[in-house]
Amino acid sequence: MINPTEVNSLIRLLDDPDSEIYEHVHDKLLSYGAEAIAYLESAFEQAFDAVQQERIANLVHEIQFITLKNDLKLWHQSGAFDLLQGILIINRYQYPDLDEQKIINQIEGIKRDIWIQMMHEASPKEQIKLINHVFYNIYGFSGNTSNHLDPQNSFLSQVLETKKGNQPSLAIIYSIIAQKLDIPVYGVNLPQHFILAYLDESQQSEFDSGILFYINAFNKGFIFGRRDVDMFLKQLNIKPDKQFYEPCSNTDIIRRVIRNLISAYENLGSAEKVDEMNELLLILE
């Protein structure tokens, strides 16, 4: 337990002009971790000094970023089984105080609306057509074509709020919902594109990957085949490779999201955020 009087006394010293005192106070407050945030936020509201306000805001971000890195490391080292958990950790970068249960409930709501209409004997393509109908026609999800480089396209809470996202974020929501319905849809890491594959494990063999077809979540769930992937790679002058046709890991998906954020922040000239995203990438190596 931290001592409130001691914490508040330290916070008052944050605007000290002596850099040695400031460094000592900063490091001591940082060592308290997440417990210090409530005290820092309360002091921020009462602070009139611009230097103190800036230092408090930076310190809160530092503490939250350390917590985020620890959460991401734990997720990765535990096997990265839960894609939703992984993308929620990334969401905390921009929205650390968000109610994550609200996001989980939104996804469950979309899943329930599909499940209600689901026919038990539906073929794979019929299942996908139903998901597409609910996801795009009823909920109104679409690709953000007008502002593709906006970092908000990569944050799950914002994509669920605005119903607009980039290729990975829409594909992530789509595949999470499909898998919750026991429909085997997984992400595929294409160069300059991110798609989904419908995987029939009963057809998997040494000669057959078991992929029935592909889905473009960015283009209203458009269904296409392996030959279209061949054509796409040919247009890019990229040699066909197994990894461009088969499902990737959840870690690969989160890496892709982070790389998109690096591009978005580079575009905005946010060097500090680019550095922090690169730190997150290193955790996933």
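The model is predicted, and local features are considered at pLDDT of at least 70, side-chain atom pairs count only at pLDDT 80 or more, and totals for chains, interfaces and linings use all residues. Residues are numbered from 1 along each chain as its sequence is written, and side-chain values use heavy atoms, with hydrogens and water left out.

Helices (H or I, at least four residues) and strands (E, at least two) are DSSP runs numbered from the N terminus. Seven of the seven residues of strand β4 (residues 193-199) are buried, so the strand is largely enclosed by the rest of the structure; buried denotes under 20% relative accessible area, exposed over 50%, and partly exposed in between, with a 1.4 Å probe and protein chains only. In a regular strand, side chains alternate between the two faces of the sheet. In β4, His 193, Ile 195, Ala 197 and Leu 199 point one way, whereas Phe 194, Leu 196 and Tyr 198 point the other way, and all are buried.

Two strands are taken to pair if DSSP finds at least two bridges between them. Strand β3 (residues 185-190) pairs with β4 in the antiparallel sense over six bridges, with Leu 196 of β4 as the bridge partner of Gly 187. These two strands, β3 and β4, form a hairpin with two residues between them, and Gln 192 in the turn has a positive phi of about 60°. Strand β5 (residues 211-216) also pairs with β4 in the antiparallel sense, over four bridges, and Phe 213 in β5 is the bridge partner of Tyr 198.

Positive phi values also occur in loops: Ala 80, a residue other than glycine, has a phi near 50°, lies between α4 (50-77) and α5 (83-94), and is buried with a relative accessible area of 7%. Lys 220, likewise not a glycine, has a positive phi of about 55° and is found in the loop between β5 and β6 (222-224).
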